[in-house]
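Here is a short note on two parts of the model, for reading beside the coordinates. Please check each point against the display.

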Amino acid sequence: SEILDGDEEKAAEVVEAARTSMGMDIADLDLVNIERFASRVASLTEYRQRLHEYIKDRMNSCAPSLSALIGEQVGARLISHAGSLTNLAKYPASTVQILGAEKALFRALKTRSATPKYGLLFHSSFIGRASAKNKGRISRFLANKCTIASRIDCFSEVPVPTFGEFLKGQVEERLKYFETGEVPQKNLDVMVKAQEEAKVVQEKVLKKRKKAAKKAKKIQEEAQSETPDVVEKSRKRPAEPVEGEEGIEEKPKKKKKKAKKTTEEAEE
C-alpha cells in the first residue's frame with residue numbers, strides 16, 4: 001500500500017493476482033529497467049498534457065471559432081498544413097475538405113479512380129459519427145463551416161468562439177437530418193443569432209482588455225516614480241604637495257636634455 005500511495009483496492013488486486021499467477025522472481029537489473037521505463041512513460045504523459053494545454057491556449061487566442069467547431073488539435077493541424085490562418089481563410093471549402101490527402105487526390109486523378117472524400121477532417125468526431133453513406137456529405141458540410149469559421153477568426157478585430165459554437169450546432173443538426181430527416185434551421189437565422197450574441201461577448205472582452213491595460217500602465221508609472229535618478233559622482237583629484245612642508249620631499253628637477261644639432265651632409 002505504501003508503493004501504491006495508500007490505495008488499498010489496488011493493493012488487494014495485486015495480492016490477489018500474485019496468488020493466482022504463476023509468476024517468477026524479478027532480477028534487480030530488470031527491476032531497474034522497469035522503473036526507468038515507467039518513469040519515462042509518466043514524464044511523456046505529463047509533457048503531452050502540458051503541450052495540449054499550450055495548444056489549447058494558443059488556439060483559443062488566435063482561432064477560437066475554429067477550435068470551438070472542430071477542436072484544438074484538428075484546427076491546429078489545418079493551420080499548420082495551410083501554413084498560416086490567413087492562408088487557410090483564403091482556401092475554398094473544396095480545398096479544405098481534402099487538405100492533407102493531396103497524394104491520394106493526385107493518384108486518383110492519374111488513375112481515374114474515385115477521389116478522396118476527406119483529409120485531415122477525418123480526425124474530427126463528426127466524420128466518425130456519420131454513417132458510411134453520409135461520410136462524404138457531412139465532410140463537405142463540415143469543410144464549408146470550417147472555411148467560414150477560419151475567415152471570421154482571421155478578419156475579425158476581436159475573435160470570439162461564439163460563431164464556432166453556432167456553426168457546431170448547425171453540423172449537429174445536419175447529422176440529425178441525415179439520420180432522422182428532421183429539418184435544420186436556416187443558415188441566415190442562425191447567423192443573426194450568432195452575431196447578436198457575439199457583440200455582447202466582444203464588449204465584455206474589450207472591457208477586460210481596457211482594465212488590464214489601465215492596470216499595467218498604473219504599475220509602470222509606480223515603478224518609474226520609485227526608481228531614483230542616477231547621479232554621476234565627480235571624481236576628486238589628489239591634492240598637490242606644497243613646498244616647505246615637513247614630511248614631503250621635493251622631487252628633484254629633471255635636467256632638460258639638449259637637442260642634438262643635426263649636421264647637414266656635405267654636398268659632393
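1. Met59 has a relative accessibility of 5%, so Met59 counts as buried (under 20% relative accessible area; over 50% is exposed and in between is partly exposed, with a 1.4 Å probe and protein chains only). The model is predicted: local features need pLDDT of at least 70, side-chain atom pairs count only at pLDDT 80 or more, and totals for chains, interfaces and linings use all residues. Residues are numbered from 1 along each chain as its sequence is written, and side-chain values use heavy atoms, leaving out hydrogens and water.

2. Met59 belongs to helix α2, residues 28-62 (helices are DSSP runs of H or I, at least four residues, numbered from the N terminus). Leaving aside residues up to four places away in sequence, Met59 touches Pro64, Ser67, Glu72, Gly75, Ala76 and Ile79 (contact means heavy atoms within 4.5 Å). Between the C-alpha atoms of Met59 and Ala76 there are 7.2 Å, at 17 residues apart along the chain.

3. The axes of α9 (residues 135-155) and α10 (residues 162-180) come within 10 Å and cross at roughly 170° (axes are lines fitted to C-alpha atoms over the stretch in contact, and angles run from 0 to 180 degrees between N-to-C directions). The two helices are therefore roughly antiparallel (angles over 145 degrees).

4. Residues of α9 including Phe141, Leu142 and Ile148 meet residues of α10, among them Phe163, Leu167 and Phe178.

5. Buried residues of α10 include Thr162, Gly164 and Val171. Their cover includes α3 (64-70), α8 (125-129), α9 and α11 (187-226). Gly181 follows α10 and has a positive phi, near 85°.

Note on methods. Angles under 35 degrees count as roughly parallel, over 145 as roughly antiparallel, 65 to 115 as roughly perpendicular and the rest as oblique.
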